[in-house]
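Open the model in your viewer and keep the selection tool at hand. We will go from the place where the chains meet to the inside of each one, stop by stop.

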Amino acid sequence: MSTRTENAIAFSPRRVAAMILRYWYLLRSSWPRLLDLIYWPLVQMITWGFIQVYVMQNAGFFARAGGTLIGALLLWDILFRGQLGFSIAFLEEMWSRNIGNLMMSPLRPFEFIAALMVMSVVRLAVGAVPVSLLAIAFFGFNLYGLGLALVAFFFTLIVTSWAVGIFVSGLVLRNGLGAENFAWSIMFVFMPLACVYYPVATLPAWLQPAAWILPPTYVFEGMRALLIDHTFRADLMLEALGLNLVLFAVGVFGFLALLKSARRHGSLMQTGE
Amino acid sequence: MPTAPAIKVERLVKIYRQMPAVDGISFAIAPGSITGLLGGNGAGKTTTIAMIMGLLMPTSGTVTVLGAEMPRQRYRVLQRMNFESPYVDMPMRLTIRQNLTVFGMLYGVPDVRGRIAELAETLDLTDLLDRPTGKLSAGQKTRVALAKSLINSPELLLLDEPTASLDPDTADWVRARLERYCRERGATMLLASHNMTEVERLCARVIIMKRGRIEDDDTPGALLARYSRRTLEEVFLDVARGRDEAREAAQ
């Protein structure tokens with residue numbers, strides 16, 4: 001391995017810890033940031049919870065499939081909030097004009113990405129854990145009742161959210177804050193295709209292969225299989241894992257390519273719009 | 001045996017959309033020296049410094065810093081250098097202590113707490129350490145930025161307009177601290193500035209840039225003699241307005 005490569009990939013847990021500490025200090029110092037983590041998932045959960053109650057009272061199928069809507073919502077939130085948590089932590093560096101300091105420091109890109117991944121989980125936990133507990137209290141839906149399947153679902157969704165978050169961060173590094181909107185909206189591209197609230201079979205036949213390219217599709221299908229048929233589809237999770245590996249590699253290599261392009265075009269010095 | 005330069009720039013070019021921002025400059029900076037990079041707006045100072053820091057990739061030419069080729073081998077030397085620039089800030093919600101702790105850890109400082117206490121005392125920040133960075137005055141923010149740039153006791157310090165927006169008293173105070181740091185540490189400093197008083201006071205050598213090229217490069221004394229001027233500001237104006245060419249033509 002060349003010295004250059006060794007230096008670029010040398011991984012320091014202390015530098016990762018420094019970045020996690022930086023984001024933790026920020027979260028701790030700002031109650032609106034903390035509140036923001038919880039209020040929207042809570043509003044969503046309550047809205048969809050009541051919809052679930054309504055359809056269960058009026059439709060035989062949904063009565064059998066108790067919890068699919070609210071379950072889908074909570075899992076969707078892992079995907080969406082995971083990516084948003086990653087992207088917002090990154091955007092904090094752009095907003096505070098700190099990115100130049102970081103790029104000039106010994107912090108390696110992989111360490112930066114690792115810290116953002118940890119922060120996405122922390123931010124997700126702050127928002128999702130209380131909301132999932134409230135779902136038990138309000139609607140009797142226990143997400144944790146999914147048991148080990150929940151671990152597989154969570155892992156699949158969070159890896160997808162990181163892959164997308166990494167790529168979006170590269171876009172913002174290269175194009176400045178003008179590309180910030182991708183961070184807020186890109187995950188919604190996944191929503192219709194990942195079949196969050198309906199089975200893949202609902203899509204027209206020609207669109208179904210596109211749905212099966214996305215790892216989250218396997219999670220939502222797996223969740224429905226578990227809640228409706230009481231079957232854990234390990235095969236779906238394995239396929240999702242394979243796709244996630246590809247997606248994550250695309251995210252990381254995309255980020256590195258965009259970072260290199262930012263160094264070439266001087267975008268790291270002009271982090272505005 | 002001659003000492004290797006701290007910074008070596010060879011035929012450095014940076015072109016943005018067919019416009020050269022830096023146009024084939026070469027210079028070497030000796031270790032332990034303080035050099036000023038002078039030039040008007042758009043002269044190419046910031047672009048040059050960004051390439052030296054590895055933040056920007058040259059179109060052609062090479063930059064070697066502390067023996068490492070930038071930006072390719074930057075991780076070999078980033079721990080031994082630091083910078084201050086008006087183009088970056090530190091997170092405003094974090095206190096000074098929190099910011100310095102984070103950067104201390106990023107730069108691998110062994111005793112971060114001790115180093116922060118030391119810098120706080122030198123830069124008169126002790127009473128401010130637990131105040132959010134965003135709630136400081138311009139002068140205090142500059143001192144914090146300086147503390148960040150010195151957190152790892154760098155061998156090489158790159159400063160872009162370090163006293164911009166400071167009142168003369170604070171600016172003079174900052175210069176004195178920088179001068180003392182370089183003297184005591186034996187550090188190399190490259191300083192991009194519009195402020196002639198600053199350059200005259202701190203720099204043993206001045207590189208004057210104009211439209212991406214080096215127009216002149218000498219000690220302040222030699223420049224004053226060559227342009228028959230009493231201050232570097234007058235020399236700067238001569239170069240910026242092309243008076244040297246006019247004078248040479250008249251002679």
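Two residues are in contact here if their C-beta atoms, placed from the backbone, lie within 7 Å. Keep in mind that this is a predicted model.

**Stop 1: where the chains meet**

Select the contact between the two chains: 29 residues of chain A and 30 residues of chain B take part in it. On the side of chain A that touches chain B, the elements giving two or more residues are helix 1 (3–9), helix 2 (13–29), helix 6 (99–103) and helix 13 (234–265). Colour helix 2 of chain A, which gives the most to this side, with nine residues. If you then colour by class, this side of chain A shows twelve nonpolar, nine polar and eight charged residues.

**Stop 2: chain A as a whole**

What does its secondary structure come to? You will find 13 helices and zero strands. Its C-alpha trace spans about 60 × 40 × 30 Å along the principal axes. A compact globule of 273 residues would have a radius of gyration near 19 Å, and the 20 Å of chain A agrees with that. Of the 273 residues in chain A, 45% count as buried. Among contacts in chain A with a separation of 6 or more, 77% join residues 24 or more positions apart.

Is A:Cys195 buried or exposed? It has 25 C-beta neighbours inside 10 Å, so it counts as buried.

**Stop 3: the open sheet of chain B**

Switch to chain B and select its open sheet of four strands, in the order 2-1-4-5 with antiparallel pairing. Strand 2 (19–29) and strand 5 (68–70) of chain B stand at the edges, and each has a single partner strand, so one side of each lacks a neighbour in the sheet. From one strand to the next, the twist averages 30°.

Within this sheet, pick strand 1 (residues 7–16) and strand 4 (residues 60–65) of chain B, an antiparallel pair with five bridges.

Next, go to the loop between strand 1 and strand 2 of chain B, the place of B:Arg17. Phi of B:Arg17 is near 45°, again positive in a residue other than glycine. B:Arg17 counts as exposed because it has 6 C-beta neighbours inside 10 Å.

**Stop 4: a cis peptide bond**

Follow chain B to the loop between strand 5 and strand 6, where B:Pro71 lies. The peptide bond from B:Met70 to B:Pro71 is cis, with omega near -5°.

**Stop 5: a parallel pair and the core**

Select strand 6 (residues 81–84) of chain B. B:Met81 and B:Phe83 point one way, B:Asn82 and B:Glu84 the other way, and all are buried. Strand 6 runs parallel to strand 7 (residues 156–160) of chain B, joined to it by four bridges. Here B:Phe83 has B:Leu158 as its bridge partner.

Stay on B:Leu158: beyond its neighbours within four places in sequence, its contacts include B:Ile49, B:Ile52, B:Met53 and B:Leu190. Finally, show the largest nonpolar core, with 151 residues, where A:Leu75, B:Val65, B:Leu158 and B:Leu191 touch the most other members.

Conventions:
Residues are numbered from 1 along each chain as its sequence is written. Chains are lettered from A and ligands numbered from 1 in the order in which they are written. This is a predicted model: local features need pLDDT of at least 70, side-chain atom pairs count only at pLDDT 80 or more; totals for chains, interfaces and linings use all residues. Ala, Val, Leu, Ile, Met, Phe, Trp, Tyr, Cys and Pro count as nonpolar, Asp, Glu, Lys and Arg as charged, and the others, Gly among them, as polar. Two strands pair if DSSP finds at least two bridges between them. Axes are lines fitted to C-alpha atoms, for helices over the stretch in contact, and angles run from 0 to 180 degrees between N-to-C directions. A residue is buried if 20 or more other C-beta atoms lie within 10 Å of its own, exposed if 12 or fewer, and partly exposed in between; C-beta atoms are placed from the backbone. The radius of gyration is taken over C-alpha atoms; the globule rule is 2.2 Å times the number of residues to the power 0.38. A nonpolar core is a set of buried Ala, Val, Leu, Ile, Met, Phe, Trp, Tyr and Cys residues joined through C-beta atoms within 7 Å.
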